[in-house]
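Biologist: I would like to go through this structure with you, one question at a time. Please show it first.

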Amino acid sequence: MRNIILTFLFVALSISVANAQIKRISGSVTTSGTGVPVSGVSVVVKGTTLGTVTNQDGYYQLNLSGDSPVLVFSYIGMKTRELPVEGSILDVAMIPDNVDVDEVVVVAYGTTVKNQFTGSVSSIDGARLEQFQTANFTKALQGLSAGVLATSGSGQPGEDADIRIRGFSTFGDASPLVVLDGFPYDGSLSALPLSEIESVSILKDASATVLYGSRAANGVIIITTKSGTKGPSKLDLKVSYGISNRAIPDYDKVTVPEYYELQWEGIRNALVAGGTNPDDANSMASQQLISVLGGYNAYNVPAGEVVDENGAINPDAELLWNDSWQDQLFVTGQRKEVTINSSGGTDKTTYFLSGGMLDEGGIISASNLKRFSARANIKTQIRSWINAGINLSGSLSEQNYPVSSGSSYLNSFMFSGLIAPIYPVYLYNEKGEVQTDAEGNKLFDFGTGFDRARAFASNLNPLGTITHDKREYKKDVFTLRSFINFELAEGLSFNASVGADYFAYSGLTHQNMKYGDGQNFNGRSARQTNRMFSYTANQLLRYVTGFGGHSVNAMAGHESYSYKLNTLAATRSGFPFPELVELDAAAIPEKSGSSEDNYRLESYLVKVEYDYDKRFFASFNMRADGNSRFAENARWGSFWGMGLSWIISHEEFLQDFTALNLLRIKASYGEQGNDKVGSYYGYQGLYKTGVNNIDFPGILASRLPTPVLTWESLNSLNMGVEAEFLNRYSINFEYYIRNNSDLLFEKPLPPSTGFTSIDANIAELSNVGFDLELGGLILNAKNVVWNLDLNLGHFKNKIKELPQKSIISGNKLWQEGASIYDFWVEEFAGVDSETGKTLWRYTDADTGEKGVTTSYSKATRYYAGSAIPDLFGGINNTIKIFDFDLSVLLSFGIGGKVMDSGYQWLMHSGQYGYSFHRDILDRWTPENSQAIIPAIDGDSYTNRRSSRFLTDASYFNLKNISLGYNFPEAVISKLNLAGIKLKFTADNLALATARKGLDPQFSLDGSYGKVYVPIRTLSVGVDVQF
Amino acid sequence: MKRIYKYLIFIVSGALVLTTSCSDELNTEPKGTVSQSQITKLAESDPAALALVIEPMIAGMYGHLVTFNSMGLSDAQVKHDDHGIKSIFHIADMMGEDVVQTSSSYNWYYHDYLLELRDKDYTHPYFVWQYLYRSIKLANDILAKIPEDAEDSQMKAFRGQALATRAYSYHYLVQFFQKTYVGHEDDPGVPIVTEVESEEGTPRKSMREVYTLMVKDLTDAIKLLDGYSRATKGFIDQSVAYGFLARVYLSMENWEAAADAASKARSGYPIMTGEQYLAGFKYISNPEWMFGSIVTSDLDIVKTGICNHNSFFSSFSYGYASLTGMFKAIDRRLYDHMSDTDSRKLAYQSPDGTTFPDGGYNGVELAAYVNGKFGASDDGADNTQDLVYMRASEMLLIEAEARAEMNQPGEAAALLKELMENRDPNYTVPTSNLLEEIRQQRRIELWGEIGIALFDIKRLKLGINRDYPGSNHPEDAKLVVPAEDWKFTYMLPTKEIDNNPDVGPEDNNP
């Protein structure tokens, strides 16, 4: 019976649909003048509630019935337009409402209209971020926002880039606070798919960040995830596929015959230097050559005849093998991503649902990231005066991350970057026949076998090891963001919110029993699991009022934060046979341990915003924090910030300058803190546990108590001027002075006290600089619209106070007046044209006499430039040609130095088994006595740290190109779809640097070594909107 | 109705603020580490709890003997030659002439061997200084918690161990940072720190004052440790305290006291047999070991694989020696001094390579004179061998030397015979140059163990001569350095000079 009724209803419905006079209308909404698509524009049929909103490309479509309908297009900051429908396509150009030019941006505890905000914020649209093919949004940031310095980070899929906002504000961890949907985020950054991000706001000055109190001195990044909007439900499916390879090639290195000849020369020169007469040295070098390299003779001639007595390769010799480590170790990564999301809403309830899958392969085998993610964001109006919302997300990821940094030979980048070309990947016998196992698989050369002992990393072969080792990290992140809001009276509301993050980490490291370090232990596995749970609960009272031209927006509230981290780790070794990796299988327990950390904050907040006639704006923010990191008497502190802004272009006297759309000035000042000082127990005397005398548990004093230790403080002043004119151009300039004081520093103690230092708030730093953003509509033709945005940052970092006159920190010297990243190294003074020895400068400490020396220990260290670029930023092009969207992002750094240690290691003086950079071919020889590259003579000091290896860090990176093709309306409507877009993207397409092989974006401190280089990803994708 | 809701909301919100805020919550304590306030609270809670607190501090003091990276350097900067008290012995052994390092590869300890690391800005003077002063700090922390007149036997034993630790730490300090005691009694020694809360530093005190403190600490320790029975040889008991005292008196050339203390120290311990000598110096169960560290696989020095004594000294373990060829060999003169029937000679590769025909770890070829004294652990090559800091033969040789100095050749010869019976069945005690013979046997017996290669040449005011005919030292290490040369004595580290208001550059060693 029920079926019959259902069938009847269904039929009836179909008939009614068929009978209706359906007319489909669609079109694009753009900004007048710039041609930029506007998403989120409300499109309503006049006189009805029927309507939709434009999608991210400004596109809309509606099914209409009735006669001569009129569509109403409205959007905040734009003049509302009413247009009659004629035909099936209606494109609309929205005209900015200059009285109310307002881009809404997310800031601390709310949103604001960007042009009214008294502080400094830059906002990056999620749609822009989504054009990057990366699992981690931090990798996309460099070049998108003025004053934000982001490193290229490890190329390993899923890894973070380091971010610094407006300089380096502490000697410790200067990374910004990350806020997700209103609450500080403690999960993994790679757990957030770019497709779920609506916008990223970067708060740069104190008045903007101060509401995050003692955690905000390094700046704040606010991530806002997508939400639904009122209108019909939309379904959006995105599929993409990409391939990846090295974005940074290897250095230019010597070939096999060149290597043998150079190494011969090194042996020969070392013999001569040791007193052997040159003729004897020549023949001895020829005889010794193969044996010092561990018996590796890549040629089909006897060992003593590979290189003749004049150092030249035997012309009759033929190569027995010529394996390329690069080709064998590196693979083409594959990237597959599918996301599907749906959003929509009624008058009372909106929703956003999203699910995604990412499989991103790295460029070394066994390096990848797999991630599954989902989000549901629902907001509803329960009563006319009660709103509530909940935003839940979950992300499960699994990362395989082989050793790819540091000086371990297991690091494929180190190994392949340094090994001499004569060493094969696979095992060959003396005749050059490759050896195989019983199944015919090629055997790896571990530097042994056939009486050989490779002079480079013996008993290791990363290819062999990577496939047998396991380094797997699982990260599961769940987040909750929820609120309930009550309208209590006109303008007065109460809001209670809870945000929580749960982050479970499970890591497995397995060193296999067959090869490498694990061999001695019959395999070794370490497991680590962490459970992090943090939550923030706040209760806020908001009040909005207006009288005359005045309006006030105030908020006061309470917030508490709690963070708990539990860790458990264990290691066992001694596996019965290969391929077992779990601890249960291993015989010998080596180590196990667990720990718990707690960290809490208790805070009170006040936020007041005032404006007069939309011309004058003032704000005052304050937060008081009680922080568990500090002792009871030093625990509470207040942080505050205030700002003023004046929109001059709204004044009467400028109304005649119609060319000027906007002119405004602003200034802000504030004081805030950084509580990331040392441990979570920053004030307590601590004893390290686990220092046992076998079964007797021991503790060891590890930290002196510091009861007065407190947060680092920041005073920051920001001044800006902003203008828009001719409806085409914009400029935004901000100047800032940031003084960081009470910086935590280890104050040295006489070691005879039993401790060598004690933590104290003593040092001071300053960062003074400017951010500049220029925007322009370069071309605005009928079918071609080209927008260009340029952002630039510059700052000077200066140490203002230190507890000691100077402190050497690696290759930097910290002293007052210098920056924290000023290189302090031996100065290279060329090559002695008589001997080919390296010359370094020195200044005699007693007499002040200067000169050059060939003795490295006599060389003096001098300042040799800074790792900080003079200018950095990005150029972003957005071009619309017919149905194509093209965006091109170029990021760059100009000036600054980088210590190119990758190059340095290749410029040795004959270290057995290590390859050379091709530059060595122009080394000093008696015939080439004017060379600036020292002779090869076995002197290990030759390539010691010096200014010789400091390289210009300037770079231009074609960071992202994204080309989209929007299928024409005719095709889409035939397919009964809302839109189809084809996308081609390229990340890290080309990089120009001072030297091939160098990546100056790798670090903030100007170091570069053998690291997982950034990856270049080319991908195609399709985006279908239903 | 709506109005009522709204009042309700105020009530609810008030309750929310109250329930989610609690200032007491801001007092967090670490759970993996221990805070001083936790310890103080526990110790004050009741007198019996004091022992609960001190026991782990005592264990930690012994843990310090095998601690890795005492300087707390970052992973990138960490020094592989910072692996506890054995690093200090290793440095000292390198600075004499008894130990040969066959290769400079990887450089660890090689510049000690070349006597190039004494300058105030080098790492090793700083390492030795901070390591031993940390040890003193750990002892002082314990001493500060126990009243001097404590009657409880457990408390007395704790005090005794801390005093002994403090004393031996000072003894090593002065042996590095000043010439020997005799003749330099009024020269500056090292700052004396006996208080806990000292962030300022104190001046260098004379050698006489430092030695006076050591003798007093050890004498007190011996009294306090009377009747104390330790759980393992990883703790200091009365015999070990006597042993430290014997060493101090030996430095002071107080022969009678040295002989007396040494004799008491080794009472109850046999002298091991030649066979036991060749068993690889790996387990504390060796009957004549008096004090050492029991090494287990959970220690950082083991987990690093290569940052431990056996990595550098053992030719049969996985480590620097076997993998990079920086083997430790015995000086040829000492080798030749052993007769062919001396079982200790089998602890070294013979010039014709017959002692270890199969080579060392993984069959690596062992050159002439390379040691096989330190064997692999029974579990394989994992370097979990126990570490020895004091054994009975040393005490016997101290007594023998002291008796010979006291002109008691009969007693001295008898003692030497007692040792050599267990080493060389054909040995006869020479009738002349007995003192010289005792000292030679001491160098051979204790080769590579406790740093006497340096400490003895300083104490006896000898130089070194590695450039003799047939020397097996590498070319660049064939040094000849006269007695009492400053090369044998470290400068005080710059960090001390810069930060201690009472020690200026003018107070440093030349």
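Modeller: A residue is buried if 20 or more other C-beta atoms lie within 10 Å of its own. Keep in mind that this is a predicted model.

Biologist: Which are the buried residues of α18(B)?

Modeller: Helix α18 of chain B covers residues 434-445. Its buried residues pack against α15 (332-337), α16 (392-405), α17 (409-420) and α19 (452-459) of chain B. The buried residues themselves are B:Glu437, B:Ile438, B:Gln441, B:Arg442, B:Arg443 and B:Ile444.

Biologist: How many Å apart are the end C-alpha atoms of helix α18 of chain B?

Modeller: The helix has 12 residues, and at 1.5 Å a residue they should span 16 Å. The computed separation of the end C-alpha atoms agrees with that, because it is 16 Å.

Biologist: How many residues of helix α4 of chain B are buried?

Modeller: Helix α4 of chain B runs over residues 85-94 and is mostly covered. Its buried residues include B:Ile85, B:Phe89, B:Asp93 and B:Met94.

Biologist: Is α9(B) roughly parallel or roughly antiparallel to α10(B)?

Modeller: Helix α9 (residues 238-252) and helix α10 (residues 255-265) of chain B have axes 8 Å apart and pack at an angle of about 155 degrees. Angles over 145 degrees count as roughly antiparallel. Therefore α9(B) is, relative to α10(B), roughly antiparallel.

Biologist: How many nonpolar residues has the contact of α9(B) with α10(B)?

Modeller: On the α9(B) side, the residues that meet α10(B) include B:Tyr242, B:Leu245 and B:Leu250. On the α10(B) side, B:Ala257, B:Ala261 and B:Lys264 are among them. By class, this contact of α9(B) with α10(B) has one charged residue, two polar and, as nonpolar residues, 10.

Biologist: Which element gives the most to the side of chain B that touches chain A?

Modeller: Here 59 residues of chain B are in contact with 53 residues of chain A. Elements of chain B that each supply at least two residues to this side include α1 (2-20), α3 (47-63) and α6 (123-145). The side of chain B that touches chain A divides into 21 nonpolar, 26 polar and 12 charged residues. With eight residues, the element that gives the most is α6(B).

Biologist: Is A:Ser573 buried or exposed?

Modeller: A:Ser573 is found in strand β25 (residues 550-573) of chain A. Leaving aside neighbours within four places in sequence, its contacts include A:Phe521, A:Arg524 and A:Ile588. Because A:Ser573 has 24 C-beta neighbours inside 10 Å, it counts as buried.

Definitions and conventions. Residues numbered from 1 in each chain as written. Chains lettered and ligands numbered in written order. Predicted model: local features only at pLDDT ≥ 70, side-chain atom pairs only at ≥ 80, totals over all residues. Helix = DSSP H or I, 4+ residues; strand = E, 2+ residues; numbered from the N terminus. Expected span 1.5 Å × (residues − 1). Buried ≥ 20, exposed ≤ 12 C-beta atoms within 10 Å, placed from the backbone. Contact = placed C-beta atoms within 7 Å. Axes fitted to C-alpha atoms, helices over the stretch in contact; angles between N-to-C directions. Parallel < 35°, antiparallel > 145°, perpendicular 65-115°, else oblique. Nonpolar A, V, L, I, M, F, W, Y, C, P; charged D, E, K, R; others polar.
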